[in-house]
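The exercises below concern domains and interfaces. Each one has a task sentence and a solution in steps.

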Amino acid sequence: MKITIDGRSIEAQGTKTVLEVAQDNGIYIPALCSHPRLAPYAACRLCVVSIKGKPGFQPSCNTYPAEGMEVVTDSEELRLQRVRTMELILSEHPNACLICSEKADCEDHKASIRKSAEVTGCVFCSSNRRCELQEIVVRLKVDSIPYSSVYRGFSVRRSDPFFIQDYNLCILCGRCVRICHEVRGAAAISFMFRGSQAVVGTMFDRSLMAAGCQFCGACVDVCPTGALAERVGRHEALPDAEAETVCPYCGVGCRLVVETLQGRIQAAKPAEGGVNRGQACVRGRFTLRDVVYSPSRIRRPMVKKDGKLVETSWEDALAFVAGKLKSYAGRACVVVSSQLGCEDLFVLDRFAREALGAGGAVPSLQPSILDGLGDLVKAHGLKTPHRASLADLPGSKAILVLGENVPVSHPVVWVEILEALRCGAKLLVASHKDDLLTRHASQSLKIRPGSEFYLLASLSKVLLESGSPQAGSGLKGLDGFKKSLEKLPASCLADTAGLQEEEVRRLAEALRCCGPIVLVFGQGLISMPWARENLAALWDLAVLTGARLLPLAEESDLFGAWLLARRKPSGAPSLETVLRAATTGEIKALYLAGPAPLPEKHGLEFLVVQDSFVNEACQGADAVLPAATFAEAEGHFVNLEGRVQKSEKVIEPVGEAKPDWWIASHLASRMGAEGFGYEDAGRIKEQLDKEGLLALQEEGEAGFVPVTAPSGGPERAAEYPMVLPGEYCPDYYRTLALCQASPDFKVLRNPRRLKIGPEDAAGAGLQDGAKARVESSSACAAGPGTARVKITGAS
Amino acid sequence: MSKIIRRERLVPNLHLLEVSAPEIARKCLPGQFVMIMPDERGERIPLTIADWDRDKGSVTTVFMTVGTTTHKLARLSAGDEVPVFVGPLGKPSDIRNYGAVLCAGGCFGIAAIYPIARALKEAGNKVITLVDVKAGYLLYWEDKLRKVSDRFLVSARDHKFETKDYVPAKIKSLLAEGAKLDRVVAIGCTYLMYSSCEATRAPGIKTVVSLNPIMVDGTGMCGACRCAVDGKTKFACVDGPDFDGHAVDWNELFARRKSYLDHEMKSLCYWERTRLPVCA
Amino acid sequence: MDLNELETLRTRITASRDKDKPCITVCGGTGCHAYGCLKVAQAFRDEVRRLGLSDKVAVRQTGCHGFCERGPIVVLQPKGIFYQRIQLADVPEVVSKTVIEGLVIERLLYAEPKTGARIVAERDVPFYKRQHRRIFGSNGHLDPTDIDDYLALDGYRALAKVLSEMAPADVIAEINSAGLRGRGGAGFPTGRKWEICRAAHGEVKYVICNADEGDPGAYMDRSLLEGNPHSVIEGMIIGAYAIGSHEGFVYVRNEYPLAVENVGIAVEAARKHGLLGKSILGSKFDFDIRIFKGAGAFVSGEETSLMSSIEGRRASPRQKPPFPAQSGLWGKPTNINNVETWANVPWIIRNGAKAYSQIGTQDSKGTKIFALVGKINNTGLVEVPMGMKLREIIFEIGGGIKGGKEFKAVQTGGPSGGCMPTELLDLPIDYASLAQAGSMMGSGGMIVMDEGTCMVDVARYFLHFTQEESCGKCVPCRVGTRQMAEILARITRGEGVESDVERLETLAKTVKAGSLCGLGQTAPNPVLTTLRYFRKEYDAHIKERRCPALVCKAFLAFDIDKRKCVGCLLCLKACPVKAVSGEIKKPHSIDQTLCIKCGACFEVCPPKVRAVTKTSGASAPERVLP
């Protein structure tokens, strides 16, 4: 539709407010409480404009354009009203520096005042020179405040990790409260009291931790003043450069803008574009700095000389390792973390194959969700059901979540799910405990850990019996699938999964709704021996209902690692076989470029650790090679949607760390392998593109996969009566746990806690907070898998 | 170890600290300072003596929370003890009857000029006190200062007080009014003292400033507090802290005060993150 | 129960009540509660039972009669003998003399203040005579907790007519032609409001009765809801039928316990009689009402914040548009009207729009109930036709100013209204002229002030009130009202400066133009009108440091006129801070440094001596009050 602003005729649609239309066309209207992702609030009253035909002033942030509307944004009357309103706002805000005559040359003379306890002027504030109030004061030329200034006298709240709250600076624009309610769904803060006593606070004035805050930092990002300030860089000067990277932790692949000062990382803020649309989680937002500058960084190459690791130069280290490894060709393995860039993974894989003669680089995260799907494709030659992207979530009508505590492990996916719920979608959850997920679910089922298969199979059975979904008809393997369903024991639902018929029927009913469906599933679905059967059942349900699959990859480049692993079919052994071979001595040398639970006594003769952080493996290592982190090298990461994203180099490597591909290529060329002369990551990317390795083409046509009931019942149930479902959460980068890197993170998430039912606790003689001993049947109980365990009081 | 009698927050960022130190209280004079350490592994910092009670044996200082040490001090409470509280150090101010004296003080300087104004008043001077604060709620000891001064002026960036201008402009308007000033004492942050001296340089009024360089021992040994006063290197702790403001090389002092700025930042960031409970 | 069952029930009730059976009606409004009317009513019942006349004489505890000044009020029907200020002791005499023998007891009758003439019938009492009690009239005739009384007075006849003969559009047309406008304060035409809500798409629509009434000094919604809840309920059902809503809320303040109780009983009774719930009176229309108790915030009288309060959220208003008619409670189209507006609807349907629009001015039709309070002789609730002059309400109905003092100003519209001086006494009461004078109709509070009221102090009080009650969401209202309240407080403390008046005006303009909701937009009215009509009082406070009305303590000075003082020690004993000195029979004196200006000496000094002088301002005493 056509509207005129200040005489200029502008084209506008009905969805954007007059304020947004004006800002899009470069017309300045001051606004403090409006925000692109938040509903109009119209509290600061700065964005008032006069509209022909409407009396008085209208807030442009809440007015939508109408055909032929005439808007005046700049008149003497409006300017006066805005200046008056700004004076009122500043009368309750420490405004001394805004109107001070010495403002100009105070900058270079102040030495110490930046480090004061309480902010009584802009110069003290951590948001100085990047605060929206200052910007508006300059724009509106406010030079005096005709009111005696008021200091509300709140004490600065420091009882929470990551950021402080100084509500003396708060202008009650409500952005923090609204983003916590409308976008993040945590609703941890709200307004308390009213009138001039109004203040932002939590229920019963408790700490943010107690109020259920997830510390995503969204409120700190939207706060126009310094009221919410990150604790780490609070007293430092403003950043002088920034670069856009991909968050190295989980598979969502959020784009982050990392701010640096004189080549040192200061803070990371979510980038506007990208898959995360301006949102991030506590890991990406607050812990990057602590990880990159962690004291446990390995700075120089080290080689073991008569029993002790001694620092050497790169030359000697490479020569020593290459020489040794040559002798173990064919009897060595390489383990890699899938939090490395595609370039690193590709070169390490080639190094393993061509230089060491091992099958290929072994990913440290086993089993991985994407492998499971890949195997089904290989086994049945079918195309995987349609893959969902994050952008599909808001438009979907039903979302089924299985085997993952999404709000904690993939918070940005949770933000998109919340948006879907707000547009009327239904959230269906199958999990074994109550948490934020089940609280928002319209239907949540409590199932016994590890019995997701029976739920999925019976869902398909119910849907087939009612015969309604036409999506599945006429596709390959339908009758094979039906026959395999009949073979399932009839009462499989009640006894193994602990579910009633009625519940499953209602869940099926919800899935039959019209409109797109997304199946979100995570590590919990495949972390048990019958992972393949679970995935088959999920695959069939997806094909049956035409739903899209969203596999929650745990690590940032898991998808990339999976794509690269599909290269020449030789394929790498699984991590468990590598570890068993290491203990029995089948393999003599191990090249660890990722976390691997290596037992103390092993039969290895030569162990190399290529990592950024010191870890237990380093003690027994013969050589330790410092690797650069994601921020110190350029690289490409493939997120859970299959989207390839570039991560820029932010800072120079710490100490003498080198990028992983650099180390592997130099070792390989020293060991005589050709084609490793890469000058920089760009060359590797070109080769990857040339060979089309990162492209995901899937041939074959859609179809059903026969389903088989999970064999191998509960082994040694008597000896290990309980099932411990591993709650998976990528709170680590390579081998460094975030709890160890960031003291604040440790306050938020203490990993060493076990949640156990009251009767079981009493049975094992445990009280709240007591120490417990967990014995398990399977080898990697400590890992993410669901394992049968015996829990007793600590001896 | 000296015991703290009282530590309270007067106004945002400014805390009063009253410590029982009978020996110091017995002989301290206006313009002198003490060295204090908040704990065994803390930093020694100089604090100007603001008041004392000779028979009760207590010394009062006012400090501003601008770094790790002052944040630690702000966390102490009555009954705690500080390992080091040594003084009185530095040469006392030169108190004589000059006629009309202007005592200008900014934030912690307001407390620092109080003993000097009191002494000047007793010496028969006509004392004009000029207090500079950012806003009304940062003003403290108004009644104490009014008792010792003939005229009490405030310059602030707050509508409560008519004038909005800073100390130098206030001095100029005073002179324009025809007030006769024989001497000016200016104590506060370096910028305040520097700009006051600039204002009084032209009319040639002698201006005494109490310099606040970084000090370590405070007894003339380490030389950290050296300043250039009319070309010669002087130790602020033993030759000062009072100096003739027009003779001081201010740029050197500004530079010296910033020499450890990033270490101070790192220290405060670390300290605040690891062990800082709710601020007072 | 369907339509004809209702009629048969009505005829059965009216038949069982013969007109001339004597009935003692005792006012049960909250005002009279304070005077102890419950005990009086119980005393009447005991007395009637004691005399064994329970079948011949009825005792009925009714709603508020309106004349709160003279409570507890007893009206003996059918003759309508009006007794006022009935004490427990008078009960036996009233029963024996008036009820049985039919003799009028002179001393209990209302005495005309000027002539002293006694008036027997309620109709002739001047307080009632000039009123036009259409809506409020039946309060005195029915027991709010008994639905039969309401049915006996043509209760629910309008609803029956609507359900049987009228289509929703006809109802709206009738309301439109009657010219009914919202009684909540803004005066938006009710018909048009219903039309917009009806036109909004969406089947689920809500109808709300706004009984939040937060204005200090206004209690007509309270008495209407306590006295005649069924008229409001009937109005709501008709409105819901017209709009097509099936769910209604009565949002009543928790500080009105009697109103909450009576509305609860009324809704329960209506449900039992098939007037609420499924298929009302056998028709296809179903509608139910839920009562929601407000948590005591003045701001939740504003539409959008009332709705967020019902939704269980923080009661802060939303920017309009969207208007409640398009997206209100839980996003559904909602129609909110004031208690009095709903009560007018049955009258219009029963008597027709033409009869309704006989009364009132060209654009403000019907009657308005005002809470006449303040320095007035006849405090109470008056229902007057729109267009009546202020002078008539205050002097004829209100009986003039208490204590014979001089009228100074009248404040209408509560904290959102303005103060009108003597020159505007001839202003007709309707929406347009009140707004044009800078005030507003508001919910109907009418606070009369005499010369002993300081206008600056009144403005301070109202700004302090809106500042306390502001929800704190938008800047102009949250900060602007606090600054204005502070400036006014400073002026009344004697610290006013020249620029204060000019800053008050700019602030008032900013707050009025910038605020998000009605509270902020109208908060400056008290200041603007007092500045406009009583500018010299501001100047007296600021320039001459003097309070002409002798109210502001900062300027007050108490002294003893040596010539008149007889030395009786009365003021000496009364002074709480021993500021008075002197011996018996010798003129006393007041130590001005000790005096805290409490005025105890002034009050205790015997009228015939009048030695203590109360003056304002440092210079010569302005005028010694009688």
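**Exercise 1. Chain A against chain B**

How many residue pairs are in polar contact between chain A and chain B, with both residues at pLDDT 80 or more?

Solution. 

Conventions come before the count. The model is predicted, so local features need pLDDT of at least 70 and side-chain atom pairs count only at pLDDT 80 or more, while totals for chains, interfaces and linings use all residues. Residues are numbered from 1 along each chain as its sequence is written, chains are lettered from A and ligands numbered from 1 in the order in which they are written, and side-chain values use heavy atoms, with hydrogens and water left out.

Step 1. A polar contact is a pair of N or O atoms within 3.5 Å; within protein, one must be able to donate a hydrogen and the other to accept it, and residues adjacent in sequence count only if both atoms are side-chain atoms. Between chain A and chain B, six residue pairs meet this rule with both at pLDDT 80 or more.

Step 2. Helices (H or I, at least four residues) and strands (E, at least two) are DSSP runs, numbered from the N terminus. On the side of chain A that touches chain B, the elements giving two or more residues are helix H3 (103-109) and helix H27 (743-748) of chain A. H3(A) has the largest share, three residues.

Step 3. For the classes, Ala, Val, Leu, Ile, Met, Phe, Trp, Tyr, Cys and Pro count as nonpolar, Asp, Glu, Lys and Arg as charged, and the others, Gly among them, as polar. The side of chain A that touches chain B has 17 nonpolar, 14 polar and 14 charged residues.

Step 4. Contact means heavy atoms within 4.5 Å. By this criterion, 45 residues of chain A meet 35 residues of chain B.

Step 5. Buried area is the accessible area (1.4 Å probe) that two parts lose on being put together, summed over both. For chain A and chain B this is about 3600 Å², with 57% from carbon and sulfur atoms.

Step 6. A salt bridge is a side-chain nitrogen of Lys or Arg within 4 Å of a carboxyl oxygen of Asp or Glu. The count between chain A and chain B is one. The side chains of Glu118(A) and Arg9(B) form a salt bridge at 2.7 Å, N to O.

**Exercise 2. Two domains of chain B**

Describe how domain 1 and domain 2 of chain B meet.

Solution. 

Step 1. Domain bounds come from an automatic or database domain assignment. In chain B this gives domain 1 (2-89) and domain 2 (100-210). Their centres, taken over C-alpha atoms, are 24 Å apart.

Step 2. The contact takes 14 residues from domain 1 of chain B and 15 residues from domain 2 of chain B. Together the two domains bury about 1200 Å², 74% of it on carbon and sulfur atoms. Within domain 1 of chain B, the residues losing the most area are Val11(B), Ala50(B) and Asp51(B), together 30% of what that side buries.

Step 3. Two salt bridges are found across this interface of chain B. Asp51(B) and Arg118(B) meet through their side chains in a salt bridge (3.4 Å, N to O).

Step 4. The count of residue pairs in polar contact between these two domains of chain B is two, both residues being at pLDDT 80 or more. Strands S1 (2-11), S2 (14-20), S4 (45-53) and S5 (58-64) of chain B each supply at least two residues to the domain 1 side. S4(B) gives the largest share, five residues. By class, that side has 11 nonpolar, two polar and one charged residues.

**Exercise 3. Two domains of chain A**

Find which three residues supply 71% of the area that domain 1 of chain A buries against domain 2 of chain A.

Solution. 

Step 1. Chain A is divided into domain 1 (302-368 + 558-690), domain 2 (387-550) and domain 3 (722-793).

Step 2. The three residues are Pro367(A), Leu640(A) and Glu641(A), which supply more than any other three.

Step 3. Salt bridges between domain 1 and domain 2 of chain A number zero, and one residue pair is in polar contact (both at pLDDT 80 or more).
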